[in-house]
Amino acid sequence: CRWDGDFSVNCSFTGTSAVPKDLSQTVITADFSYNNVQTFTCADGRSEERMLKHLNLSNNLISELSLTTCRNLPLLETLNLDGNAIQALTLGLPTPQQDGKVDRLLPALKVLSVERNHLRRVPRGLGLLQSLQSLRLSSNGIRQVGLRDFQNCSQLKDIHLQNNKITEIHPDAFRDLHKLQVVVDLRENALATPLPQILISLNFFRLEVGLSNNAG
């Protein structure tokens, strides 16, 4: 791995099959892209909070991933999981502590990118990521967008869903996304019906909707 001081580590193209458990707590940016990592557990049995803000696990061999153990990454802002083989992405419920307080799931996460994977549906529980602003799910096998898929995602500003197999979008799927202002990208899907009326009627400041290369 190549280090840039104490705060950045680049382990891309090293052939590693696992993220080191002894990764320094001072690391802010970590790049493990283009390797053979098959599994990743945030906590790895440790409870110490880490300083990590940017984690790149793209282009590995991860097939399933649970974010329920990520209570030790309170500062993580970007998580890149592009180019893996993820079929299921699990987001669990917040965990109560002994003092009655609740551990929030990745409370600082702003960007979640899971493009070029094998997801068949929008991951459940995205509303638990209270700071999520950008969601990138392009090039998967997602078939529909349901009423509750983006429930409580109050900070979302852009959603990328192009190149999936979407045939159906619930008319109210995006109703409560009042900060959505950049793009709802639905290009290269299988939509045969017009864009849901809810998107047309909402008065977003800068809403761009991509619909090219659909069935209808």
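**Cysteines and pocket**

Author: The torsion about the S-S bond of C1 and C11 is about 115 degrees, so this disulfide (a pair of cysteine sulfur atoms within 2.5 Å) is right-handed. This is a predicted model, in which local features need pLDDT of at least 70 and side-chain atom pairs count only at pLDDT 80 or more, while totals for chains, interfaces and linings use all residues. Residues are numbered from 1 along each chain as its sequence is written, and side-chain values use heavy atoms, with hydrogens and water left out.

Reader: How far apart are the sulfur atoms of C1 and C11?

Author: The count by the distance rule comes to one disulfide. C1 and C11 form a disulfide, and their sulfur atoms lie apart by 1.9 Å.

Reader: Is C11 buried or exposed?

Author: Buried means under 20% relative accessible area and exposed over 50%, with partly exposed in between (1.4 Å probe, protein chains only). C1 has a relative accessible area of 56% and is exposed. For C11 the relative accessible area is 1%, so C11 is buried.

Reader: Is C153 buried or exposed?

Author: The relative accessible area of C153 is 4%. That value is under 20%, so C153 is buried.

Reader: How many residues of the lining of the largest pocket are charged?

Author: Here Asp, Glu, Lys and Arg count as charged, Ala, Val, Leu, Ile, Met, Phe, Trp, Tyr, Cys and Pro as nonpolar, and the others, Gly among them, as polar. In the lining of the largest pocket, six residues are nonpolar and three polar. The charged residues there number four.
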